[in-house]
Amino acid sequence: MDPILDKNPEQALSYLQKGNSFYARGLKSWKSYAPEKAFTEGQWPFAAILGCADSRVQPDEIFGVTPANLFVVRNAGNVADDDAMGSLEYAVEHLSTSLIVVMGHSNCGAVKATEGIIANGGKAGGHIDSIVNQIKPNIQSLPKGHTLSEAVLANAKGETERLLSQSAMVEEAVKGKDIAVVTATFDLATKRVTFVA
């Protein structure tokens, strides 16, 4: 069967894994799993990515796909705030996206800044405080001496849990096995994405 007609969570995850494998080896795959008309006549993203706004983290490139394949939502610290959840709900309800990936990345500035505020007190200032306040609960329970990588993963896991607990639409779709929601981290040095169940 043509893969573009067979959207399911397992297939979507395999597309992402395959594309990232090429990218991590320095190869350019630039695959498209969407029908040609998807670019001009409507969207057909097989997966949605909630990722960080960091300029080094470009999901289409990381997963080796062309435009129209991924529905990408980005903000500092890959937080599942109201706007991000609304966007992801749109992808699930109206675009039949079969997979959501909540992806953190190594050396994340938002997580690092939050760690500094937890350790030293104070505030980031402005609207950045809302990002810090959302990340804080995800990493405050980590043991003393944890690494930044552990904090990044804990934050991504926490935002995955927030999405599942606060979005009835996403929770219902997961229960109906229409979609899957997974956590991932991207390593800037190796260019590899690690998926977590």
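Trainee: Which residues do ring pairs link into a cluster with Tyr15?

Mentor: Happy to start there, keeping in mind that this is a predicted model. The ring pairs join Tyr15 into a cluster.

Trainee: How many aromatic pairs does the count come to, and is the pair of Tyr15 and Tyr33 stacked or edge-to-face?

Mentor: The count comes to five aromatic pairs. For Tyr15 and Tyr33, the centres are 3.6 Å apart and the angle between the planes is 10°. Planes under 30 degrees apart count as stacked, so the pair of Tyr15 and Tyr33 is stacked.

Trainee: How many residues apart in sequence are the parts that this pair ties together?

Mentor: Tyr15 belongs to helix 1 (residues 9–24), whereas Tyr33 is in the loop between helix 1 and helix 2 (38–41). The pair therefore ties together parts whose separation in sequence is 18 residues.

Trainee: Is Tyr33 buried or exposed?

Mentor: The cut-off for buried is under 20% relative accessible area. Tyr33 has 8% relative accessibility, so Tyr33 counts as buried.

Trainee: And what kind of pair do Tyr15 and Phe46 form?

Mentor: Their ring centres lie 5.2 Å apart, with the planes at 80°. An angle over 60 degrees counts as edge-to-face. That is why the pair of Tyr15 and Phe46 is edge-to-face.

Trainee: Where in the chain is Phe46, the partner of Tyr15 in helix 1?

Mentor: This pair links distant parts of the chain, 31 residues apart. Both Tyr15 and Phe46 are buried. Phe46 is found in the loop between helix 2 and strand 1.

Trainee: Turning to the strands, how many residues of strand 3 are buried?

Mentor: Strand 3 covers residues 99–105 and is mostly covered. Leu99, Val101, Met103 and His105 point one way, while Ile100, Val102 and Gly104 point the other way.

Trainee: In which sense does strand 3 pair with strand 1, and how does strand 3 run with strand 4?

Mentor: Four bridges join strand 3 to strand 1 (residues 47–52), with Val101 as the bridge partner of Ile49. Seven bridges join strand 3 to strand 4 (residues 180–186), where Thr185 is the bridge partner of Gly104. Strand 1 pairs with strand 3 in the parallel sense, and strands 3 and 4 also run parallel.

Methods. Residues are numbered from 1 along each chain as its sequence is written. This is a predicted model: local features need pLDDT of at least 70, side-chain atom pairs count only at pLDDT 80 or more; totals for chains, interfaces and linings use all residues. Side-chain values use heavy atoms; hydrogens and water are left out. Buried means under 20% relative accessible area, exposed over 50%, partly exposed in between (1.4 Å probe, protein chains only). Helices (H or I, at least four residues) and strands (E, at least two) are DSSP runs, numbered from the N terminus. Two strands pair if DSSP finds at least two bridges between them. Rings of Phe, Tyr and Trp (its six-membered ring) pair if their centres lie within 6.5 Å; planes under 30 degrees apart count as stacked, over 60 as edge-to-face and the rest as tilted.
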